Amino acid sequence: MHIDSSVPLDVNGVPHGQPVLDRLIGLLDLERIEQDIFRGVSPAEAPVRVFGGQVAGQSLVAAGRTVPEQRQVHSLHAYFIRPGDPSVPIVYEVDRTRDGRSFTTRRVVAVQRGKAIFSLSASFQIEEDGIDHAEPMPDVPAPESLPTYGEQLTGGVLDRLGGTYPPRPIDVRYVTGPPWQRRDNGSREARSQVWMRADGVLGDDKLLHVCMAAFASDLTLLDSVLVRHGVYWGLDKVSGASLDHAMWFHRPFRADEWLLYDCSSPSASGARGLTTGRFFARDGRLVATVVQEGLLRVD
């Protein structure tokens, strides 16, 4: 995907801002090729395999387009089955598992070359009142007081991490410090905290905001495992991939407003690392919870 001269560049030369976000919104706007079959593509700047957050977001779009607007997604559970090829379109097949009075369940299988690469089950619910409580948000600095992602990658850091980065639709500000810095002299606590938001303005489609959060949730989640052991992608002999991914959506939010993503890793063993993440809105509301296990091989 060609980035023209009108697209803003971060201080390290990485494209960002509304034009880049609009391209991601376009990727999430799947083509309907049959009643319950959709087709999606990957950006031209994609790495050697499809980013997990992309296929999760696109799968959720496919599921949501078969559900009445009055029902909002409250949970998803997914498995990454095979690496996706970014040069090949992805076909999303939706199974209308159940339509109940309060809940709707959908199952989506993402297919390339006739084989499943990803599966997702999602549950949607009508709006209901009920008991309400939540853990408080951690006390952290405001996002405006923290360096941008691009500012953290200046001074040769980008070259150390393997060269150029693709255009960045999500604004990320590290609270706990970037993992490539903590690798050398930072805390070994298995925790990662970042502020993040869509780097531009989204519309009012609630499903789009949820899908954008699903996309962003895969960006920094495994950092909490790697910092515990002082290693990082591109700087050490680390290979890995997402194995499964689950999200629960508790309260309404906007993905183009700041969300604190508080992640920690309770365990790593058997070449797998488990991570949990909590999304807090800026007003302190807990809006989503994430759990993922990733494959992590360190030489």
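Predicted model: local features only at pLDDT ≥ 70, side-chain atom pairs only at ≥ 80, totals over all residues.
Residues are numbered from 1 along each chain as its sequence is written, and side-chain values use heavy atoms, without hydrogens or water. Local features need pLDDT of at least 70 and side-chain atom pairs pLDDT 80 or more, whereas totals for chains, interfaces and linings use all residues.

Helices (DSSP runs of H or I, at least four residues) and strands (E, at least two) are numbered from the N terminus. Buried means under 20% relative accessible area with a 1.4 Å probe, protein chains only.

| Helix | Buried residues |
|---|---|
| α1 | Val-20, Leu-21, Leu-24, Leu-27, Leu-28 |
| α6 | Leu-207, Leu-208, His-209, Val-210, Cys-211, Met-212, Ala-213, Ala-214, Phe-215, Ala-216, Ser-217 |

Helix α1 covers residues 18-28. Its buried residues fall within an arc of 110° seen down the axis, so they line one face of the helix; the arc is taken from the directions from the axis to the C-beta atoms. Their cover includes α2 (52-64), β8 (191-198) and α6 (206-217).

Helix α6 is mostly covered, with eleven of its twelve residues buried.

The structure holds one cavity of 30 Å³ or more. A cavity is a set of points on a 1 Å grid over the protein atoms alone where a 1.4 Å probe fits but cannot get out, and lining residues have an atom within 4 Å of a point. The largest cavity has a volume of about 60 Å³, the space filled by probe spheres set on the points. β8 and α6 each supply at least two residues of its lining. Among the lining residues are Met-196, Arg-197, Met-212 and Phe-279.

Methods:
Buried < 20%, exposed > 50% of the residue type's maximum accessible area, 1.4 Å probe, protein only. Contact = heavy atoms within 4.5 Å. 1 Å grid on protein atoms, 1.4 Å probe; cavity = no way out; pocket = protein on both sides within 12 Å on 5 of 7 lines; lining within 4 Å.
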